[in-house]
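Subject: The structure we talked about

Hi,

Here is the structure I promised to pass on.

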Amino acid sequence: MAMSASLARRELDVQRYPLIVVVLVPLLAIFLQVLIPRFIPKFDILDLPLLVTIYFSVGWRNPIAGTITGAVIGLVQDALTGRPLGINGISQCVVGFFAASLGVKIDVENPGTRLLINFA
């Protein structure tokens with residue numbers, strides 16, 4: 001009974017995004033993460049691709065999609081920043097999985113709830 005209720009909730013509340021948004025928003029976040037710290041060094045503290053990973057993963061409510069999203073965004077970020085390949089890929093992969101798992105448990109239809117999850 002509990003498993004079918006969880007499955008039904010996951011299927012009803014899944015966010016749908018156009019493909020162009022799913023591709024361009026992470027690329028824009030990665031581009032800004034690479035470009036802005038060159039001019040403003042303190043901006044390096046904020047990890048925009050990680051926030052994008054959390055946002056999409058929570059909205060999709062699918063741990064597999066969250067894991068793959070985090071891995072792809074992290075690997076692209078590693079390739080462009082000069083850090084060892086896989087560091088961001090692994091960390092964002094794990095964060096994407098946990099964000100999607102959390103999205104199944106918490107009602108994330110409210111934008112305020114999503115904002116709190118992103119900055120928590």
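Keep in mind that this is a predicted model. I'd begin with the largest pocket, to which α2 (19-39), α3 (48-60) and α4 each supply at least two lining residues. The volume of this pocket is about 190 Å³. If you want to find the spot on screen, select V22, V23, P26, L27, I30, F56, W60, I68, T69, V72, I73 and V76, which line the largest pocket. What classes do the lining residues fall into? There are 11 nonpolar residues and one polar residue in the lining, and no charged ones.

Next, have a look at how some of the helices pack.

A quick tip for reading what follows: two packed helices are described by the angle between their axes and by the distance between those axes.

Take α4 (residues 63-81) and α5 (residues 87-105) to start with: their axes are 7 Å apart, and the packing angle is about 155 degrees. An angle over 145 counts as roughly antiparallel, so α4 and α5 are roughly antiparallel to each other. The crossing of α4 past α5 is right-handed. On the α4 side, the contact is made by P63, G66, T67, G70, A71, I73, G74, L75, Q77 and D78, while α5 brings I87, N88, G89, Q92, C93, G96, F97, A100 and S101. Sorted by class, this contact of α4 with α5 has eight nonpolar, 10 polar and one charged residues.

Now for α3, which packs against α5 at about 35 degrees, with the axes 7 Å apart. Here too the crossing is right-handed. From α3 come P49, L50, T53, I54, S57 and V58, and from α5 come Q92, V95, G96, A99, A100 and G103. What does this contact of α3 with α5 look like by class? Seven of its residues are nonpolar, five are polar and none is charged.

Last, there is α6 (residues 111-119), whose axis comes within 10 Å of the α3 axis and crosses it at roughly 135 degrees. That angle makes α3 oblique to α6. Again, α3 passes α6 in a right-handed crossing. In this contact, L51, I54, Y55, V58 and G59 of α3 meet R114, I117, N118 and F119 of α6.

Cheers

Conventions
Residues numbered from 1 in each chain as written. Predicted model: local features only at pLDDT ≥ 70, side-chain atom pairs only at ≥ 80, totals over all residues. Heavy atoms only, no water. Axes fitted to C-alpha atoms, helices over the stretch in contact; angles between N-to-C directions. Helix = DSSP H or I, 4+ residues; strand = E, 2+ residues; numbered from the N terminus. Parallel < 35°, antiparallel > 145°, perpendicular 65-115°, else oblique. Left-handed = near helix turned anticlockwise from the far one by under 90°. Contact = heavy atoms within 4.5 Å. Nonpolar A, V, L, I, M, F, W, Y, C, P; charged D, E, K, R; others polar. 1 Å grid on protein atoms, 1.4 Å probe; cavity = no way out; pocket = protein on both sides within 12 Å on 5 of 7 lines; lining within 4 Å. Points joined across faces, edges and corners; volume = space filled by probe spheres on them.
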